[in-house]
Amino acid sequence: MAREFEGKTVFITGAAKGQGRAVALGFAKEGANIIAFDLGERISYPAYNKSSNEDLEKLKGEVEKLGAEIVIFGGDVRKEEDVKEAVSRGIKEFKKIDILFSNAGIAAYGYSYELTLEQWEAMIDINLKGGWLVSKHIIPHMIEQNSGVIIYNSSIAGLRGMNRMSHYAASKHGLIGLARSQAIELAPHGIRVVTLHPTGVNTPMNDGLAQMEGSTPLEIAERSAGNLLPVPWVETEDVVESVKFIASDKARYITGSQFVLDAGLLTR
């Protein structure tokens, strides 16, 4: 029995941990080829970020155990040369890119009027500029093959304001404008573009935010989310299933829109 994404190639940013890692494994189980892009090193902001190439190597082993093929690349979504090289290597290996899950991102707290310029720029550059830069270099290949799906991992913060997270919310709102515009540009080429908007997700990022606040992940999730359903967060598997649906032919007429996975939060 054929797996749903057999022979498809998926490019994932922020692939080594959390949602990106789960999505990589989810597509691998369905027979997809994986191009996994992640920073692979620590960054100064936010301080809790502990990316390492070991995480990418571990992911590689897990994907291969599932019988799928994978190319890993340690690089920075803010650096065009890194992005170009990763896309080029992926195309060389798999000949095409069918799906982009643009997931790399950071989150941190701070009142808008107390943020430093460096903090503001780091948030916007990784979360928004990085998404655009990766798509910029993948889109020409999708145009050439006259097909493709681009999924930007936004957030509930892309659809509402967030106390002490203005830079995060601004970056996530920006992804909606980018996606809607690209959906218009790319529809003639058979390419769909969608934003995903999860509530809090049970990932190591929650641990990092809790560390910054001297709190617990559960307290952070409940304070920042306030889901309507009685759960503090959703699981990475919920994100995986959402991404697979959006990328599948079941969603063939969904483009330019926002896919909400919020446990009812935005209904409040």
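Two strands pair if DSSP finds at least two bridges between them. I kept that cut-off in view when I looked at strand 6 and strand 7, which run parallel and are joined by four bridges. I note at the outset that this is a predicted model.

**Entry 1**

I began with the strand order and found an open sheet of seven strands in the order 3-2-1-4-5-6-7, with parallel pairing. Strand 3 and strand 7 (258–261) are the edge strands, each of them pairing on one side only. From one strand to the next I read an average twist of 15°.

Helix 2 (residues 53–65) does so, touching strand 2 and strand 3, and its direction makes about 175° with that of strand 3. Helix 5 also packs on the sheet, where it touches strand 5, strand 6 and strand 7, and its direction makes about 160° with that of strand 6.

I next asked how many residues of strand 2 are buried. The count is six of the six, so strand 2 is largely enclosed by the rest of the structure. I followed the side chains along the strand: Asn33, Ile35 and Phe37 point one way, Ile34, Ala36 and Asp38 point the other way, and all are buried.

Strand 1 (residues 9–13) runs parallel to strand 2 and is joined to it by five bridges, and I noted Ile12 standing opposite Ala36 of strand 2. Between these two strands the chain passes through helix 1 (residues 18–29), and this β-α-β crossover is right-handed. Strand 2 also pairs with strand 3, in the parallel sense and over five bridges, and here Ile34 has Ile70 in strand 3 as its bridge partner.

In soluble globular proteins, nonpolar side chains tend to be buried together. With that in mind I looked for the largest nonpolar core, which has 48 residues, and I listed Phe11, Ile97, Ile138 and Ile150 as those with the most contacts inside it. Several elements supply at least two residues each to this core, among them strand 2 (33–38), strand 3 (70–74), helix 3 (80–94), strand 5 (148–153) and helix 6 (204–213). The largest share, eight residues, comes from helix 4.

I took Ile138 for a closer look at its contacts; leaving aside neighbours within four places in sequence, Ile138 is in contact with Phe11, Val87, Ile97 and Leu100. I also recorded a second, separate core of 34 residues, which includes Val23, Ile70, Val239 and Val240.

**Entry 1: aromatic rings**

A pair of aromatic rings is described by the distance of the centres and the angle of the planes. I found five aromatic pairs in the structure. Elsewhere, ring pairs link Phe11, Phe37 and Phe73 into a cluster.

Is Tyr113 buried or exposed? Its relative accessible area is 64%, so I put Tyr113 down as exposed, whereas Tyr111, at 35%, is partly exposed. Tyr113 sits in the loop between strand 4 (99–102) and helix 4. I also looked at how Tyr113 lies relative to Ser166: the two are 53 residues apart in sequence, and their C-alpha atoms are 9.5 Å apart in space.

**Entry 2: two buried positions**

I located Gly20 in helix 1 and read a relative accessibility of 0%, so Gly20 counts as buried. Leaving aside neighbours within four places in sequence, Gly20 is in contact with Ile12, Gly14, Ala15, Phe101 and Asn103. I also looked up the separation of Gly20 and Ser102, which are 82 residues apart along the chain and have their C-alpha atoms 8.7 Å apart.

The other position, Ser248, is in the loop between helix 8 (236–247) and strand 7. I found Ser248 to be buried, with a relative accessible area of 2%. What does Ser248 contact, leaving aside its neighbours within four places in sequence? I listed Glu4, Phe5 and Arg192 as the residues in contact with Ser248.

Key. Residues are numbered from 1 along each chain as its sequence is written. This is a predicted model: local features need pLDDT of at least 70, side-chain atom pairs count only at pLDDT 80 or more; totals for chains, interfaces and linings use all residues. Side-chain values use heavy atoms; hydrogens and water are left out. A nonpolar core is a set of buried Ala, Val, Leu, Ile, Met, Phe, Trp, Tyr and Cys residues joined through side-chain atoms within 4.5 Å. Buried means under 20% relative accessible area, exposed over 50%, partly exposed in between (1.4 Å probe, protein chains only). Contact means heavy atoms within 4.5 Å. Axes are lines fitted to C-alpha atoms, for helices over the stretch in contact, and angles run from 0 to 180 degrees between N-to-C directions. A crossover is right-handed if, with the strands pointing away from the viewer, the path from the first strand over the helix to the second runs clockwise. Rings of Phe, Tyr and Trp (its six-membered ring) pair if their centres lie within 6.5 Å; planes under 30 degrees apart count as stacked, over 60 as edge-to-face and the rest as tilted.
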